[in-house]
Amino acid sequence: MSRPALYRLSLLTGMLFALSASAEMPRMELSAGFHRIEAEVAANQENRALGLMHRKSMGSNQGMLFVFPVAARHCMWMRNTLIPLAVAFLDDEGRIINVEEMKPQTENNHCAAAPARFALEMNKGWFAAKGIQNGMRIGGVEKSPGAKSVATMVC
């Protein structure tokens, strides 16, 4: 193999390793009433951009918590996402602002109805099936990585 080909191969291998390492997201336990949720946490821009893309399935009580640096009317879409999802937008205290059902592989915007600090994606229909509604609180979000960064900067 020529030197340029070896260089390209090692560069590609390094990029793939970095991508797979960055795809590892912390996990934490959340609660919705007496329902336990095992959530991956997307607390930085790279992980929020990747989200649940390219996954073929997700466990029934598993989800992904998106932690945003500031509360705003954040929007989600389903580009390259293969499974149908529901997203609950949450305020600073973890209270549900609104829940949106999302179809796979679409680019429609699903937005928070008011400034949201978090978004919790679960399998489609999960919130409705559990009776989880607007105004209810998702417990544990305050312990997520990145949740205190804004409070620290404001003080």
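Trainee: What pattern does the chain follow when you read along the sequence?

Mentor: It goes α-β-β-α-β-β-β-β-β-β-α-β-α. That comes to four helices and nine strands. Keep in mind that this is a predicted model, where local features need pLDDT of at least 70 and side-chain atom pairs count only at pLDDT 80 or more, while totals for chains, interfaces and linings use all residues. Residues are numbered from 1 along each chain as its sequence is written, and side-chain values use heavy atoms, with hydrogens and water left out.

Trainee: What makes a stretch of chain a helix or a strand here?

Mentor: Both are DSSP runs, numbered from the N terminus: a helix is H or I over at least four residues, a strand is E over at least two. Strand S9, for instance, covers 138-139.

Trainee: How do you know which strands sit side by side in the open sheet?

Mentor: Two strands pair if DSSP finds at least two bridges between them. The open sheet has seven strands in the order S6-S5-S8-S3-S2-S1-S9, and the pairing is mixed.

Trainee: What joins S8 to S3 and to S5?

Mentor: Between S3 (residues 62-72) and S8 there are five bridges, in the antiparallel sense, with Val-67 opposite Phe-118. S5 (residues 85-90) is linked to S8 by six bridges, also antiparallel, and there Phe-89 has Ala-119 as its bridge partner.

Trainee: Why is S8 called mostly covered?

Mentor: Buried means under 20% relative accessible area, exposed is over 50%, and partly exposed is in between (1.4 Å probe, protein chains only). In S8 (residues 116-123), eight of its eight residues are buried. For the chain, buried residues make up 39% of the 155 residues.

Trainee: What do S5 and S6 form together?

Mentor: A hairpin, with five residues between the two strands. Gly-94 in the turn has a positive phi of about 90°. S5 and S6 pair antiparallel over six bridges, and Leu-85 has Met-102 in S6 as its bridge partner.

Trainee: How do you know that Cys-75 and Cys-111 form a disulfide?

Mentor: The rule is a pair of cysteine sulfur atoms within 2.5 Å. Here the sulfur atoms are 1.9 Å apart, so the pair meets the rule. A search of the whole structure finds one disulfide. The link is right-handed, with 105° about the S-S bond. It connects distant parts of the chain: Cys-75 in S4 (residues 75-76) and Cys-111 in S7 (residues 110-111), 36 residues apart.

Trainee: What makes the meeting of the Glu-40 and Arg-55 side chains a polar contact?

Mentor: A polar contact is a pair of N or O atoms within 3.5 Å; within protein, one must be able to donate a hydrogen and the other to accept it, and residues adjacent in sequence count only if both atoms are side-chain atoms. The side chains of Glu-40 and Arg-55 make such a contact at 2.5 Å.

Trainee: And where is Glu-107, and why is it called exposed?

Mentor: Glu-107 is in the loop between S6 and S7. Its relative accessibility is 52%, so it counts as exposed. Contact means heavy atoms within 4.5 Å, and Glu-107 is in contact with Trp-77 and Arg-79, leaving aside neighbours within four places in sequence. With the Arg-79 side chain, the Glu-107 side chain makes a polar contact at 3.3 Å.

Trainee: What kind of aromatic pair do Trp-126 and Phe-127 make?

Mentor: Rings of Phe, Tyr and Trp (its six-membered ring) pair if their centres lie within 6.5 Å; planes under 30 degrees apart count as stacked, over 60 as edge-to-face and the rest as tilted. A search of the whole structure finds one aromatic pair. The rings of Trp-126 and Phe-127 have centres 5.2 Å apart and planes at 90°, so the pair is edge-to-face. Both residues are buried.
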